[in-house]
2 protein chains.
Amino acid sequence: MPITIHDIAREAGVSIATVSKVINNKAHVAPDTREKVLKVMERFNYAPNASAANLARRFSRNILYADRFYKGLPYENPHMFDIICGVSHELGRKGYRLSLLNLDSPGKKPEEVVEEAIHSRVADGLIINSVFITPKVEQLLLGYDFPQICIGKPSFDTILSWIDTNNTLSSNLAVEHLISTGCRTLAFMGGRKEDCIFMDRLRGFRTAMERCGLETREEYIIYNPPEVETIFQSATALLNLPSPPDGIICTNSLMAVGTVRAIKDSGLRIPEDVSLIAFDDHPYSPMVSPQPTVIDVDLFSLGVHAGNLLLKKIRNPAMLIQTYTALPRLLLRGTTKVRA
Amino acid sequence: MPITIHDIAREAGVSIATVSKVINNKAHVAPDTREKVLKVMERFNYAPNASAANLARRFSRNILYADRFYKGLPYENPHMFDIICGVSHELGRKGYRLSLLNLDSPGKKPEEVVEEAIHSRVADGLIINSVFITPKVEQLLLGYDFPQICIGKPSFDTILSWIDTNNTLSSNLAVEHLISTGCRTLAFMGGRKEDCIFMDRLRGFRTAMERCGLETREEYIIYNPPEVETIFQSATALLNLPSPPDGIICTNSLMAVGTVRAIKDSGLRIPEDVSLIAFDDHPYSPMVSPQPTVIDVDLFSLGVHAGNLLLKKIRNPAMLIQTYTALPRLLLRGTTKVRA
DNA sequence: CCCTTATAATAAAACGCTTTCCTACCTCCT
DNA sequence: AGGAGGTAGGAAAGCGTTTTATTATAAGGG
């Protein structure tokens with residue numbers, strides 16, 4: 001019932017091979033023949049069957065984006081999806097499609113899902129949250145020569161390719177800015193010790209402090225689980241220390257929300273008593289009071305880079321490990337101010 | 001080089017037909033034969049080639065999610081992505097994959113992108129933002145018997161299937177709650193007139209007001225573009241009216257942010273002077289001050305429903321138009337309070 | 001003017017599955 | 001004992017493309 005390349009060939013009075021060449025813009029077809037075939041394709045509103053083409057040419061123009069897509073994730077972490085939008089944008093431009101591979105599958109381990117997807121050759125490449133990169137998955141990818149990009153630097157040394165934000169530099173920026181406004185005792189609201197984003201940011205914090213000749217006090221470094229209530233409590237505790245910090249770095253917006261609340265509840269003023277700088281901007285930020293000074297990264301274009309890099313690896317499988325780190329920028333707003 | 005069904009058949013000493021039956025859990029294969037084949041598949045780490053299977057069986061176990069995925073969308077509208085997560089979850093459970101079809105394609109109109117995707121039979125079904133449902137797209141879908149679900153009720157009468165939140169009921173809930181706390185003059189911060197979500201919500205607002213025997217004042221109904229600054233200005237203007245409203249309904253969180261700011265800047269107290277109720281909850285809401293009273297819908301499970309419905313339509317193409325509207329719930333928090 | 005080389009076009013062989021017969025064999029009635 | 005009915009398994013025909021030879025035709029070179 002659906003029309004095929006044969007119908008087009010018959011109607012145009014040529015062979016299917018010629019039609020195929022027209023479809024794929026290959027050489028060895030005369031201009032007027034091409035024209036004739038295109039006319040017929042147009043008339044029949046023909047589009048080649050993707051599965052058949054994939055099978056014959058042995059690739060699918062499809063890329064997998066592997067992550068857990070659980071309920072509420074988009075609220076917790078819209079950043080992840082901005083990256084996805086960037087990837088989708090870039091891939092779409094180049095004629096590729098992006099499929100979501102949900103690793104949050106009941107009864108299956110994430111790496112099993114990944115393995116199955118790779119085996120079935122349903123895609124030409126994989127973009128995967130580095131959280132899921134275990135040595136086993138690494139072996140899988142390497143063993144199958146399966147082109148991939150990790151979102152985030154994997155937690156162990158690997159020859160897999162990855163892209164990430166420059167977390168060390170971000171912390172540097174934050175520290176230097178706070179110090180330039182006159183702060184001297186800086187606190188760091190981090191996340192879990194297992195989360196390498198936070199550990200990277202912490203590392204940057206320590207080196208920046210050292211370079212500025214300031215002491216890093218361990219009681220000013222907080223490891224928070226991703227729960228608003230706990231963050232609020234640890235921020236309150238921090239402010240009730242005998243000598244509380246005069247500047248706080250919040251490593252994500254959740255921490256910023258909790259910390260701001262704690263500061264206000266403690267009767268302190270921002271930025272007069274305590275300065276605050278947060279990571280990752282949000283369109284609502286300028287409308288929130290106080291407007292947070294922010295270290296931001298353009299994640300959409302990080303996604304564009306990821307897509308682009310992966311496509312290059314697909315075209316040239318011999319390509320070596322690729323990495324890319326996006327540069328952060330400082331958005332000056334109301335929670336930091338030069339002190340008297 | 002990659003191993004095929006032939007390799008498995010040879011190694012297990014059976015025909016490829018039998019292997020295929022094992023793969024697809026079909027009848028007419030003895031238990032011990034099945035076992036033997038499974039062993040070999042396991043040993044060779046075999047997974048059938050998806051394209052070949054798709055071609056042969058004439059469907060792809062792939063679903064398209066069509067929308068514009070532009071930069072910043074996840075921040076503006078994380079809700080959309082919660083729906084996507086729900087769809088992905090449900091489809092994954094049933095062995096389907098979800099592909100993003102980015103309609104934000106340079107040089108191509110959205111409907112062209114949709115048309116091409118449908119023709120190429122790259123997927124078995126389509127989930128599409130109802131914003132893109134024009135009569136032309138409707139004809140396309142109907143003409144090809146292509147199973148689809150619209151996210152949101154289309155703006156014109158159609159026999160396409162859709163799911164949506166019950167916007168009318170949501171407004172009802174909001175109005176009734178505000179009135180029950182003692183408010184009498186209610187304002188409505190809506191979006192663009194072209195956006196049927198807002199128009200639905202507005203319709204619900206009007207009928208609820210009428211049923212409560214209250215007059216709807218036209219100057220209390222605001223149509224905002226999705227820009228924080230403009231919202232802030234129109235909210236300020238609203239509060240500066242000779243007789244300002246004592247309750248405001250904000251049809252999304254962006255409006256809530258802008259409106260709260262305007263109220264505070266006008267020196268008014270929430271909820272003592274002005275009550276406020278917003279649509280769509282956010283995990284940060286409880287940590288924001290004041291904590292907004294909210295009309296919320298579980299969008300993840302709306303997505304689950306969408307996926308489920310689409311799968312049913314695929315299995316049974318003769319199925320008639322399907323619609324589903326999710327029920328809203330009221331989350332009582334700090335921006336509304338019973339008045340003295 | 002013949003021989004080589006480039007170009008157009010085609011036939012036919014994959015690509016790796018699913019599925020529809022078809023055969024062989026067994027069991028069960030009557 | 002003979003036919004009806006059921007099960008296991010296999011041969012082979014697609015599915016709709018791409019691609020590799022291969023042939024026919026035209027163009028250039030000495």
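Residues are classed here as nonpolar (Ala, Val, Leu, Ile, Met, Phe, Trp, Tyr, Cys and Pro), charged (Asp, Glu, Lys and Arg) or polar (the others, Gly among them). The model is predicted, and local features need pLDDT of at least 70, side-chain atom pairs count only at pLDDT 80 or more, and totals for chains, interfaces and linings use all residues. Residues are numbered from 1 along each chain as its sequence is written, while chains are lettered from A and ligands numbered from 1 in the order in which they are written.

The surface near DNA strand D divides into 18 nonpolar, 8 polar and 1 charged residues, where a residue is near a strand if its C-beta atom, placed from the backbone, lies within 6 Å of it. Of the 27 residues around DNA strand D, those that come nearest are Ile5(A), Ser20(A), Asn49(A), Ala52(A) and Ala56(A). Two or more residues of this surface are given by each of α2 and α4 of chain A and α2 and α4 of chain B; helices (H or I, at least four residues) and strands (E, at least two) are DSSP runs, numbered from the N terminus. The largest share, 5 residues, comes from α4(A).

Around DNA strand C there are likewise 27 residues, of which Val14(A), Ile5(B), Ser20(B), Ala52(B) and Ala56(B) come nearest. At least two residues of the surface near DNA strand C are supplied by each of α2 (16–23) and α4 of chain A and α2 (16–23) and α4 (50–57) of chain B. By class, this surface has 17 nonpolar, 8 polar and 2 charged residues.

The two protein chains were then compared by least-squares superposition on the C-alpha atoms of residues with pLDDT of at least 70 in both. Chain A can be laid on chain B with an RMSD of 0.1 Å by a turn of 180 degrees and a shift of 0.1 Å along the axis. That is the relation of a two-fold axis. In chain A, the C-alpha of Ser99(A) is the nearest to the axis, at 2.0 Å. The same surface serves both copies, in that 98% of the contact residues of chain A recur in chain B; two residues are in contact if their C-beta atoms, placed from the backbone, lie within 7 Å.

The contact takes 51 residues from chain A and 50 residues from chain B. On the side of chain A that touches chain B, two or more residues are given by each of α4 (50–57), α5 (73–76), α6 (78–93), β2 (97–102), α7 (110–119) and α12 (253–265) of chain A. The most, 8 residues, come from α6(A). By class, this side comprises 25 nonpolar, 17 polar and 9 charged residues. β2(A) pairs with β2 (residues 97–102) of chain B in the antiparallel sense over 3 bridges, pairing being assigned if DSSP finds at least two bridges between two strands. Within this pairing, Leu100(A) stands opposite Leu98(B).

Within chain B, strand β3 (residues 125–129) is largely enclosed by the rest of the structure, because 4 of its 5 residues are buried (20 or more other C-beta atoms within 10 Å of the residue's own, C-beta atoms being placed from the backbone). Strand β1 (residues 62–67) of chain B runs parallel to β3(B) and is joined to β3(B) by 4 bridges, with Leu64(B) opposite Leu126(B). β3(B) also pairs with strand β4 (residues 148–151) of chain B, in the parallel sense over 4 bridges, and Ile127(B) stands opposite Ile149(B). Helix α13(B) is mostly covered, with 13 of its 17 residues buried.

Definitions and conventions:
Buried ≥ 20, exposed ≤ 12 C-beta atoms within 10 Å, placed from the backbone.
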